[in-house]
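Subject: Structure for your review

Dear colleague,

Please find below the structure that I am handing over to you. My findings follow it, arranged by topic.

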Amino acid sequence: MTEALKSLMDVSAVTVDGTEISLMGNISDAEGLNNVFDNGGEGVGLFRTEILFMGRSSLPSEDEQFAFYKKVADNSNNCPVVVRTIDIGGDKEIKYLGLAKERNPFLGYRAIRISLDQPDLFIAQLKAILRASAFGNFKIMFPMISNISELRRAKELLEQAKESLRAGNIAFDENLQTGIMIEIPSAAIMADIFAKEVDFFSIGTNDLCQYTLAVDRMNEKIEHLYDPFNPGVLRLIKYTIEQAEKNNIHVGICGEMASEPLAVQLLLGMGLRELSMNAGSISEVKEIILNTDIENAKELCGRVMEMTDSDSIVKYLKEQNRAR
Ligand code: PEP
Ligand code: MG
């Protein structure tokens, strides 16, 4: 990191016109959280919990999970931490769950689909997260939601987990907010409906791109087609933000696009006020924010949304970036 970027570490992310932007980090453990704070992040927009389930031979117990999540809560200085329930399957293989080899793992038995299919596993995780919520400012988030029934069932199981803790007089945050990843096109298209049943959205552009464009995010041969500036992807992101605003719920972004320098002004212009990313990108994004005027960003967004192809969009954003 350059000295200039380092000097921004303790500066708040505020645009030229005074709009405050939350810059958050994506983490997988307590060490990652320290890294976020060291880089000037204000909290955690995505805590990927699956790392605890990987590279071992059996499921972590509820107590083991509790200790893992509590460590993050204990180190969080009461900053917001969005804890995502397991997103295993797909590229993240877990041998001891005996998952069958699938022809299309990214379209298969993955994330919330596994959690809903194996309620004991899910409830153990929910109870562990809830117990840890007594020690910090946690929110809970479900990955890979594609229809409203999945969300309702996940919330039912969350309620069961809460009931069981209440029955045992075990403390947890009764006001814990519940949200979903918007990373499957159907969820983005139904953002108006989902917004009425959750407290927040987090836009997962990594998978949203993959599924909107039918491009495997791990396949190098077609990586030129994996394009967050495809107008189809941009429309879904913009619609999601608009519906969150309309329904007065919070919306953030936690996919890689949040740290793509060309995308930052566009995302602010669409209305995003929270960006979550790998800790190492926070200063660079902050520098862009400090040089952004929201009215200009809205105008830039308006121009981009009229464009019909990604090449023109990227060319325009590069020109604007140079002019900035
Ligand atoms: C995403 O899909 O954008 C995301 C943040 O989740 P993951 O990369 O863990 O699939
Ligand atoms: Mg994802």
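Which residues does UniProt list for "binding site" (unreviewed entry)? The record names Arg-48, Arg-84, Asn-206, Asp-207 and Arg-217. Please bear in mind throughout that this is a predicted model.

Overall architecture

The protein chain contains 14 helices and eight strands. Its C-alpha trace spans about 60 × 45 × 35 Å along the principal axes. For 324 residues, a compact globule would have a radius of gyration near 20 Å, and the value of 19 Å found for the protein chain agrees with this. Of these 324 residues, 43% count as buried. Considering contacts between residues at least 6 apart in sequence, 71% join residues that are at least 24 apart.

The surroundings of ligand 1

The shell around ligand 1 consists of Leu-46, Arg-48, Asp-87, Glu-183, Gly-204, Thr-205, Asn-206, Asp-207, Cys-254 and Gly-255. Two elements give two or more residues to this shell, namely strand S2 (44-48) and helix H9 (205-213). Helix H9 gives the most, with three residues. Sorted by class, the shell holds four charged, four polar and two nonpolar residues.

Annotated positions

UniProt also places the feature "binding site" (unreviewed entry) at Glu-183 and Asp-207. These two positions span 25 residues in sequence, yet their C-alpha atoms are not more than 5.3 Å apart, so they gather at one spot.

Glu-183 is located in the loop between strand S5 (177-182) and helix H7 (185-189). Is Glu-183 buried or exposed? It has 26 other C-beta atoms within 10 Å, and the threshold for burial is 20 or more, so Glu-183 is buried. Residues up to four places away in sequence aside, Glu-183 touches Met-144, Gly-204, Asp-207 and Leu-208.

Asp-207, by contrast, belongs to helix H9. With 23 C-beta neighbours inside 10 Å, Asp-207 also counts as buried. When neighbours within four places in sequence are left aside, Asp-207 is in contact with Glu-183 and Ile-184.

Arg-84 is buried, having 28 other C-beta atoms within 10 Å. Its contacts, not counting residues up to four places away in sequence, are Leu-46, Phe-47, Arg-48, Thr-49, Met-141 and Pro-143.

Within H10, the residues Val-233, Leu-234, Leu-236, Ile-237, Lys-238, Thr-240, Ile-241, Gln-243 and Ala-244 are buried.

After H10 comes Asn-248, whose phi is positive. The angle is near 55°, in a residue other than glycine. Asn-248 is found in the loop between H10 and strand S7 (250-253). Asn-248 counts as exposed, with 7 C-beta neighbours inside 10 Å.

A further positive phi

Asn-78 likewise has a positive phi, of about 65°, although it is not a glycine. Its place is in the loop between helix H3 (62-74) and S3. With 10 other C-beta atoms within 10 Å, Asn-78 is exposed.

Leu-268 and its contacts

Leu-268 lies in helix H11 (residues 261-270). Leu-268 is buried, with 24 other C-beta atoms within 10 Å. Apart from neighbours within four places in sequence, Leu-268 is in contact with Ile-21, Thr-292, Ile-294 and Ala-297. The C-alpha atoms of Leu-268 and Leu-300 are separated by 9.9 Å, and these residues are 32 residues apart along the chain.

With kind regards

Key
Residues numbered from 1 in each chain as written. Chains lettered and ligands numbered in written order. Predicted model: local features only at pLDDT ≥ 70, side-chain atom pairs only at ≥ 80, totals over all residues. Buried ≥ 20, exposed ≤ 12 C-beta atoms within 10 Å, placed from the backbone. Helix = DSSP H or I, 4+ residues; strand = E, 2+ residues; numbered from the N terminus. Near = placed C-beta within 6 Å. Nonpolar A, V, L, I, M, F, W, Y, C, P; charged D, E, K, R; others polar. UniProt positions renumbered as here; feature names shortened; annotations may be inferred. Contact = placed C-beta atoms within 7 Å. Rg over C-alpha atoms; globule rule 2.2 N^0.38 Å.
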